[in-house]
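Me: Hi! Could you walk me through this one while I have it open?
Reply: Happy to, let's have a look.

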Amino acid sequence: MEIYGVKSLNGDIRVPGDKSISHRSAIISSISGKKVIIENYLFSQDCINTIEILRNLGVKIENIDNNLMIHGVKTANMIEPRGVLDVGNSGTAIRLIAGVLASTDFMSILSGDVSINNRPMKRIIDPLRSMGASIYGRDNNKKAPLVIFGNKKLQGKRFEFSLSSAQLKSCILLAAINAEGVTEIIQPETSRDHTERMLQYFGADIEFDGKYTRLDPSKGLEARNIYVPGDISSAAFIIVATLILKNSHTLIRDVGVNPTRNHFLEILKKMGANIEIKNIRTISNEPVADIETFSSDLTSVEIEKQWIPNIIDEIPVLAVAASRANGKTIIEGAGELRNKESDRISALSTQLKIIGVDIREQKDGFEITGNSNSDIIGGTVDSMGDHRIAMSLAILSLLSKNSTTILDSDCIDTSFPGFKYILKKLMA
Ligand code: S3P
């Protein structure tokens, strides 16, 4: 992708459906035993892989007028897949689907691309085994491919995790929904609660408050149609672009503003951002709003570690905002960034530096000395195959004096198909 500096961004847009909610909508509908229509599903590569895997497990899924119609089965009626289930680049797909497969009565293999097969899986293997699942992985049960021999008699359990991860929590909940007895999960910090909200929407007996979740599987699931709101993590790129370019004003409609995902908006406001959240309403048990953003003068900010799980996917684009905010911004306690689609600490530190950012890599984060007047020099940068790194580099390059070439930018389709088209629309 080649990016040239632009003067401003203006317009009224929508961003594609939320990635986390799309995965969950397809998976939970598939095990509901009922027919569900999903509106505004994200047809990105990650979420398409999830649909294909569910089809390989015997679920009939139709595309009707850009919506999905899922003919749900019960997990017990899923069928043994004939080949390897390929999640591509998706951590959410592999970890959530592993939870479902743990409670089937057949063997399955989950695998993905080079990045996914190097990401940590012990975090789900150990707790699933403790519920009675037989699950194995490469590298001494630490990595994918994962081989799962399902067990229909999983036992519910109480887990106290030292890691706050929504993928881990959701994996356990999707196993627990078919287990015997109650499952409780405690995590040190609040992580996104889309699985809990959707299970509740489907009538499950579930309590949750961010750090504590309790699921009693005896009630089973009903089915209801789902509307997937716009992805706040995709909106974040447009919001930061609007803030750092002069004379810019954007309105993004119908964005999910779940409180376990929206803290980056508070951080930006603390930095001086002029952002208004309007028209808040609840759709399919998720809060949805319109977000209006105006160009703003930003200053550096202190980010408390407790918020890291909430802002984990927005840290790359927050780094871009910090690079234009006068003063020093420090991100600490974010070692999980090294376990994402790329090592995001290293990717940001090396690639942002190339185009002119004063950034210093730390063990579990980085330090940025921002300057609203510094030149973005352009050049050639590498996304490292990571969609959020590619888009962060693209957003900052909108300020560049010369053009910037972003290598390996096709990965943007992982989460934000149409990213280029939306930017072009806002430039016009
Ligand atoms: C996600 C959870 C987060 C996030 C990822 C999506 C989810 O990962 O980074 O992009 O959909 O549950 P972790 O659970 O590993 O923190």
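**Chatting through the model**

Me: Which residues make the nonpolar surface patch of about 270 Å²?
Reply: M107, Y136 and F149 make that patch. Keep in mind that this is a predicted model.

Me: Where is F149 found?
Reply: F149 is part of strand 9, which covers residues 143-149.

Me: Switching topic: what is the strand order in the open sheet of four strands?
Reply: The order is 10-11-13-12, and the pairing is mixed. Strand 10 (158-160) and strand 12 (205-208) are at the edges; each has a single partner strand, so one side of each has no neighbour in the sheet. From one strand to the next, the twist averages 10 degrees.

Me: In which sense do strand 11 and strand 13 pair?
Reply: Strand 11 (residues 183-186) and strand 13 (residues 212-216) are antiparallel, joined over four bridges. Within that pair, E184 sits opposite R214 of strand 13.

Me: Which strands does helix 6 touch?
Reply: Helix 6 (residues 166-176) packs on the sheet and touches strand 10, strand 11 and strand 13. The direction of helix 6 makes about 175 degrees with that of strand 11.

Me: Nice. What about helix 7, which strands does it lie across?
Reply: Helix 7 (residues 194-201) lies across strand 12 and strand 13, and runs at about 145 degrees to strand 12.

Me: Now on to helix 9. Which of its residues are buried?
Reply: H263, F264, L265, I267 and L268 are the buried residues of helix 9. They pack against helix 8 (232-244), strand 16, strand 17 (286-294), helix 10 (308-311) and helix 11 (315-323).

Me: What follows helix 9?
Reply: G272 does, and its phi is positive, near 110 degrees. The loop between helix 9 (263-270) and strand 16 (274-283) also holds A273.

Me: Is A273 buried or exposed?
Reply: Buried: A273 has 10% relative accessibility, and the cut-off for buried is under 20%, so it qualifies.

Me: What is A273 in contact with, leaving aside its neighbours within four places in sequence?
Reply: A273 is in contact with L243, L268, S296 and L298. One of these, L268, is also among the buried residues of helix 9.

Me: And how are A273 and I239 separated?
Reply: They are 34 residues apart along the chain, with 9.6 Å between their C-alpha atoms.

Note on methods. Residues are numbered from 1 along each chain as its sequence is written. This is a predicted model: local features need pLDDT of at least 70, side-chain atom pairs count only at pLDDT 80 or more; totals for chains, interfaces and linings use all residues. Side-chain values use heavy atoms; hydrogens and water are left out. Two strands pair if DSSP finds at least two bridges between them. Helices (H or I, at least four residues) and strands (E, at least two) are DSSP runs, numbered from the N terminus. Axes are lines fitted to C-alpha atoms, for helices over the stretch in contact, and angles run from 0 to 180 degrees between N-to-C directions. Contact means heavy atoms within 4.5 Å. Patches are made of residues with over 30% relative accessible area and no salt bridge: like charges are joined within 9 Å, nonpolar side chains (Val, Leu, Ile, Met, Phe, Trp, Tyr) within 5 Å. Accessible areas come from the Shrake-Rupley method with a 1.4 Å probe; for residues, only the protein chains shown count as cover. A salt bridge is a side-chain nitrogen of Lys or Arg within 4 Å of a carboxyl oxygen of Asp or Glu. Buried means under 20% relative accessible area, exposed over 50%, partly exposed in between (1.4 Å probe, protein chains only).
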